[in-house]
Amino acid sequence: MNFFNIRHAVFADEEKIINFIKTDWKADHIFVKDQDFFRYQYEDVGSLNFFIAEHGITREIIGILGYINYSENCKSSDIFLALWKVRSHLEDPFLGVKLLDYLIKDLDPQRLHCVGINKKTTGIYKYMGYLTGAMDHYFYLNKKTKTFKIAYFPEESTNEFISESLDVFSSDYTLDLLDGQEDLKQAYEKLNVINMIPSKSFGYLRKRYLLHPIYKYQIFALKEKWSDKCVAIVFLREVVQNQTKVLRMIDFVGSIDKITYLLNKITNYVDENSYEYMDFYCAGIDKELLKTTPLKNLKDFKNVVIPNYFEPFVQQNIDIFYFTNCKENFYFFKGDGDQDRPNIPRGKNEC
Amino acid sequence: MISIVQEIFRDVFDNEELIITKETKSAELKDWDSVAHIDILIALENEFSLKFSIEEAYNIKSVKDILDLLEKKKLNKL
């Protein structure tokens, strides 16, 4: 008999998976405390998006690998790994990689990625021939903010972070708030999403941003004034902390060359709505392109803190690492995978 | 050869007092997981100027498996 057996999970495994998270990871993990949220995150039509390794004799779970599917068809989709844990002291040290290998063979995804990998695991992905890297973290300070309560800046140098936009074309575009499913659908259908990596289906975006049970997202469409055509959609999330608020750009779909116009519009929105600052994480976007916006790359500054953890709040810079089996032309944001996942169950969350 | 392997294990597990024997199995070392496994393999590849296939990496579950594989690969090189 094999020491372990790997298979795709079924709905009946839900309790066992949650119990494994509780005993082998974190007793107060949000998936342990909020089972509905676990279902929201991992249940698809007819599928519980986990692979599990069971002990050959006891049948207890000894390893799990969760994933998020970006479309309704795995074979032609992007798959993001989300939640990967194997018990320690195992008779097979390579069980974690064997879980991943099983997922690849079973789902046969066109592209495979993970945003939020542990830095010390990058060796595994490199060994498997994947690309790894750290996301860039950009920020924009509200020109009217006098005292920073969430970010940290050396006071004497605040001015060096403030710059005007070099863009002269954003006035040719409008930023329209999308209110609900019909608005999002209409905007999405006009987008050119054919060559986007990862490819995000309308169904994925609807579930991820409209049906999220805990977070509320502000969704805007960037439209050409002359044609009213939607060229990009952006997903924003307001975070309230320390009696002030910040705006986080969580996701973007559309023509990446239009992101500069979009960011210029959003920075105006930040100024007008009294956000302390806005920030976003990304990977794959040409740094030169973003230099035409008023945003700054955190990597270019020392002694500046743009927090990423708010549940609980930690005033500290956080690097986010990723891997992908793509070599180029991919664009990742914080909303990809499970990096924008709540950490505190409903009712206890002040954000 | 086991003394070289032991040095590699001490580096990977960041434990200068770690003692391994031919009988040491992965289940006996708390941190011998996939990450450590890859680190061990890469260090062995560099030390002995050889390459492990994924299948070979899959089948290693103890220090004995490592020593046997190194011996086999050394013989194949001759």
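The structure holds 0 disulfides over all chains, a disulfide being a pair of cysteine sulfur atoms within 2.5 Å. A disulfide is a covalent bond between the sulfur atoms of two cysteines. A:Cys282 is in no disulfide, and the nearest cysteine sulfur, which belongs to A:Cys326, is 16 Å away. A:Cys326 is likewise in no disulfide, the nearest cysteine sulfur being that of A:Cys114 at 14 Å. A:Cys282 is buried, with a relative accessible area of 1%, and A:Cys326 counts as buried at 6%. Here buried means under 20% relative accessible area, exposed means over 50%, and partly exposed lies in between (1.4 Å probe, protein chains only).

This is a predicted model, in which local features need pLDDT of at least 70 and side-chain atom pairs count only at pLDDT 80 or more, while totals for chains, interfaces and linings use all residues. Residues are numbered from 1 along each chain as its sequence is written, chains are lettered from A and ligands numbered from 1 in the order in which they are written, and side-chain values use heavy atoms, with hydrogens and water left out.

The largest nonpolar core has 53 residues. Such a core is a set of buried Ala, Val, Leu, Ile, Met, Phe, Trp, Tyr and Cys residues joined through side-chain atoms within 4.5 Å. The residues with the most contacts inside this core are A:Ile17, A:Phe38, A:Ile64 and A:Ile233. Residues up to four places away in sequence aside, A:Ile233 touches a set of residues including A:Leu178, A:Leu191, A:Phe220 and A:Phe252; contact means heavy atoms within 4.5 Å.

Helices (H or I, at least four residues) and strands (E, at least two) are DSSP runs, numbered from the N terminus. Helix 8 of chain A is mostly covered, for 12 of its 14 residues are buried; among them are A:Ile259, A:Tyr261 and A:Val270. The expected span of a helix is 1.5 Å times one less than its number of residues. For helix 8 (residues 259-272) of chain A this gives 20 Å, which agrees with the 20 Å between its end C-alpha atoms. After helix 8 of chain A comes A:Ser274, with a positive phi near 60°.

## Salt bridges

Side chains of opposite charge can pair when their charged atoms come close.

| Pair | N to O distance |
|---|---|
| A:Arg39 and A:Asp36 | 3.1 Å |
| A:Lys207 and A:Asp44 | 3.7 Å |
| B:Lys61 and A:Asp92 | 4.0 Å |

A:Arg39 and A:Asp36 both lie in helix 3 (residues 35-42) of chain A, 3 residues apart, about one turn of the helix. A:Lys207 forms a salt bridge with A:Asp44, and this pair links distant parts of the chain, helix 7 (residues 202-210) and strand 2 (residues 43-44) of chain A, 163 residues apart. A:Lys207 is partly exposed at 23%, and A:Asp44 is partly exposed at 26%.

## The interface

The contact between the chains takes 17 residues from chain A and 20 residues from chain B. The area buried between chain A and chain B is about 1,600 Å², of which carbon and sulfur atoms give 66%. Buried area is the accessible area (1.4 Å probe) that two parts lose on being put together, summed over both. A:Pro93, A:Phe94 and A:Tyr127 supply 44% of the area that chain A buries against chain B, more than any other three residues. Across this interface the rule finds 1 salt bridge, in which the side chains of A:Asp92 and B:Lys61 meet. A:Asp92 is buried, with a relative accessible area of 1%, whereas B:Lys61 is partly exposed at 29%.
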